[in-house]
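Please read the following report alongside the sequence and the model.

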Amino acid sequence: MHAAEAAPRRGGATHRFVLRARFIASLLFLGFAALIGRAAQLQLLQHDHLSRLAQGQYVGNVNITARRGQISDRHGRPLAISVDLPSVFADPRQIADPRRAADLLAATLSLPRAELQRRLQGGRAFVWLKRQVEPAVQARVAALKLRGVGFTKEPKRFYPQRDVAAQVVGLAGTDARGLEGVEKFLDNELLGEPQRVQAMRDARGHAVLLGGLDPSQKAAGYDTQLSLDLHLQHSAQEAVRQAMQSSRAKAATAVVLDVATAEVLAMAVVPTFDANAGAVAAATRRNRAVTDMFEPGSTLKPYVVAAALDSGLVQPQSTFYGENGRMSIGRRSIGDTHPRGWMGLTEILAKSSNIGMAKISFAMGKSNLENALRRGGVGRRSGIELPGETPGQLRASANWSELETATIAFGQGMALSALQLAALYRVLAADGIYREPRLVRELRHPEGGLAPHFAATPPARPQRVLSAASVRRVVRMMEASVMPHEGTGRLAAVPGYRVAGKTGTAQKADPFAGGYSRTDYIALFAGFLPAEAPRVVIVVAVDEPQSSHYGGVVAAPVFAQIGLAAMQRLGVPANQKLPPAAPEPAALLAQAKAKAKQEAEADRLATLVTQPEALGSAGVEAPGRGQLPSFVGLSARQVVKRFNDLAATELSGWQLRVVGTGAVVRQDPPAGAPLQPRSSKPEVASLRRLRLELSP
């Protein structure tokens, strides 16, 4: 009985379990069927409608520039930083009344109403209205409560030092791309990786950017530390600014190099600009210290004398005859300001004798002179971390005429920049060692680590250019240039410090009239201190001064002002054995100006010898009627214009051939050659050709 009763009970429990399982399975099946049906409905029947809804919520992808790396001086003081400012954008598809929205936004954003309306009527999903606005402007736009108008933050470049070192640091545009200076040269390193951010709508229908800016700075650019010393940069810039104002000059430049490392401690250019103020004229943005080249004139003479001694073909005791102030070279002649007889090297340098320098050049040979100049960086770019550097100009010595061999020895017929002249003088200050000047000390990412190419590229190895013995002899000669009652650079003296330097007064080429200008000069002074253990090299160039164009009067005092600031900044103690500086008596000041004028006249005679048509009363015969005029210094366009102007008269029957690009550096036949051939036959005259060689 008991077993029979238990069997039906177990059978009933099993039956109920099966029923429950089937019921649950039916529910699951119905649920899955409903989901599948709903999915099919959404994907197949409502796809287009839902896509339109999603598109209305999604605005688009927007490229946001990463935070640009900071630029600082050698002590970490900021020169260029990035600050976050709000930018205003819109989705025109959400603007119900573009005209009304433009009316409301025009005054707030200070933009033309018509331009705003044009943007708001476009069919695009995303447009910028105004980027990098002040927070107060953002608040006023937000108060308008316009549907479809939103905000995001973007990094904007700011320059805390305003106009100090502006040409060196440069500037960046609204899109954070470098436009000038270090900002342009290191644009890729400073820029970082742009961010691609999605623009969506919030619950109220306003467009917002998802993700925002990079909070961890992983996409930021490399921070850049320059070799500039901000304190010394201030001093140098103020000195050249005062010189430009007092002399009523067109511009002024100063370069300060560290002798030990060849790093640029200061590079001052005026007029300057404030990059925070907006648009700046291209001429003002130009860094004249590296982009502009000039003939160095007498400032080149110390280096040439040192190179001559180093060649072994000129000895410290060598003497040269001064030809009583006039020496003929072919159809031309070189003049000195005063007739002189036999001269030693010290007198040639102290009296700035062009004839003496020409004879030194002949003694050492033109190939030796060219090699020495090129080893010192003349005729090639230094590789400084700045855009637009000029290589200067130095023709191959194989193409030098006898006249060029003479004139290049005293700084004419070749050209260099203020930075290249500073690098050349650093060779004299560093016992004959050349090192490429440098501006960037470090490129480091905010997360740590140097830029790969920066870390992998070691500085160029120093190269011996001249022997230490030859250089030291010349340095002693250079000190005489700044000694009281003796040198033309007396106004460059720095109280308590021995200075070695040289003045120069270079006439500028006249590209329109040909030859050299009779009114436009560059006043120069180049030197270093302390002479016994040099710490800094300083080059000063004042462009077209009006009050006085003599380097010893205009540029030398600027050197003294910067030199004293540099010694104080570097903590170099004054030499107690040197007498303290006394106020300039009027007689001594007049004497210094007279000596500066004397050397400037030597430079003037030097420039005139290569362009005799500009001589006037200098004593060298200029081409007159029946003689070929000079085209040297003219551009190709100016050459063609001048030749066409003369083709119907003086140059009738001549053919023009131009070789190269840039400015004319050589012509054949030379200026002064007879216009008419020896033969009077017309067919011979028609074959006369003028060949002009141009070089950039």
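A residue is called buried when its relative accessible area is under 20%, exposed when that area is over 50%, and partly exposed in between, as judged with a 1.4 Å probe and with protein chains only. By this scale arginine 286 is partly exposed, because its relative accessible area is 28%. The structure is a predicted model, in which local features need pLDDT of at least 70 and side-chain atom pairs count only at pLDDT 80 or more, whereas totals for chains, interfaces and linings use all residues. Residues are numbered from 1 along each chain as its sequence is written, and side-chain values use heavy atoms, with hydrogens and water left out.

**The chain as a whole**

The chain has 696 residues, and 50% of them are buried. Its secondary structure consists of 24 helices and 25 strands, where helices (H or I, at least four residues) and strands (E, at least two) are DSSP runs numbered from the N terminus. The accessible surface, computed by the Shrake-Rupley method with a 1.4 Å probe, comes to about 31,900 Å², and carbon and sulfur atoms hold 54% of it. A contact means heavy atoms within 4.5 Å; among the contacts with a separation of 6 or more, 73% are between residues 24 or more positions apart.

**Two covered helices and a buried serine**

Helix H14 (residues 354-364) is largely enclosed by the rest of the structure, because nine of its 11 residues are buried. Those buried residues include Asn354, Lys359 and Met364. At the start of H14, a side-chain oxygen of serine 353 comes to within 3.5 Å of the backbone nitrogen of isoleucine 355. Just after this helix, glycine 365 takes a positive phi of about 95°.

Helix H16 (residues 402-409) is also mostly covered, with seven of its eight residues buried; among them are Leu403, Glu404 and Ile408. Just after H16, glycine 411 has a positive phi of about 85°.

Serine 227 lies in the loop between strand E10 (223-226) and helix H9 (230-247), and this serine is buried, with a relative accessible area of 1%. Leaving aside neighbours within four places in sequence, the residues in contact with serine 227 are Arg74, Glu263, Val264, Leu265, Arg438, Leu439 and Arg441.

**Salt bridges**

Side chains of opposite charge can pair when their charged atoms come close. A salt bridge is counted here when a side-chain nitrogen of Lys or Arg lies within 4 Å of a carboxyl oxygen of Asp or Glu, and by this rule the count comes to 29. Three of these pairs are set out below.

| Pair | N to O distance |
|---|---|
| Arginine 241 and glutamate 238 | 2.4 Å |
| Arginine 286 and aspartate 292 | 2.9 Å |
| Arginine 288 and aspartate 543 | 3.9 Å |

Arginine 241 and glutamate 238 both lie in helix H9, three residues apart, which is about one turn of the helix. An α-helix has 3.6 residues a turn, so residues three or four places apart point the same way. Arginine 241 is partly exposed, with a relative accessible area of 30%, and glutamate 238 is likewise partly exposed, at 30%.

Are aspartate 543 and arginine 288 buried or exposed? Both aspartate 543 and arginine 288 are buried. By contrast, aspartate 292, which pairs with arginine 286, counts as partly exposed at 22% relative accessibility. Aspartate 543 lies in strand E22 (residues 536-543) and arginine 288 in helix H11 (residues 288-291), so their pair ties together parts that are 255 residues apart in sequence. A network of salt bridges links Arg286, Arg288, Asp292, Lys508, Asp543 and Glu544.

**Backbone details in loops**

A cis peptide bond, with omega of about 5°, joins valine 270 to proline 271, and proline 271 belongs to the loop between strand E12 (264-270) and helix H10 (282-285). The peptide bond from leucine 529 to proline 530 is cis as well, with omega near -15°; proline 530 is found in the loop between strand E21 (516-529) and E22.

Arginine 162 is not a glycine, yet has a positive phi of about 55°, and is located in the loop between strand E5 (149-158) and helix H6 (166-169). Asparagine 324 also has a positive phi of about 55° without being a glycine, and the loop that holds asparagine 324 runs between strand E13 (319-321) and strand E14 (326-329).

Methods: Polar contact = N/O pair within 3.5 Å; in protein donor to acceptor, adjacent residues only side chain to side chain.
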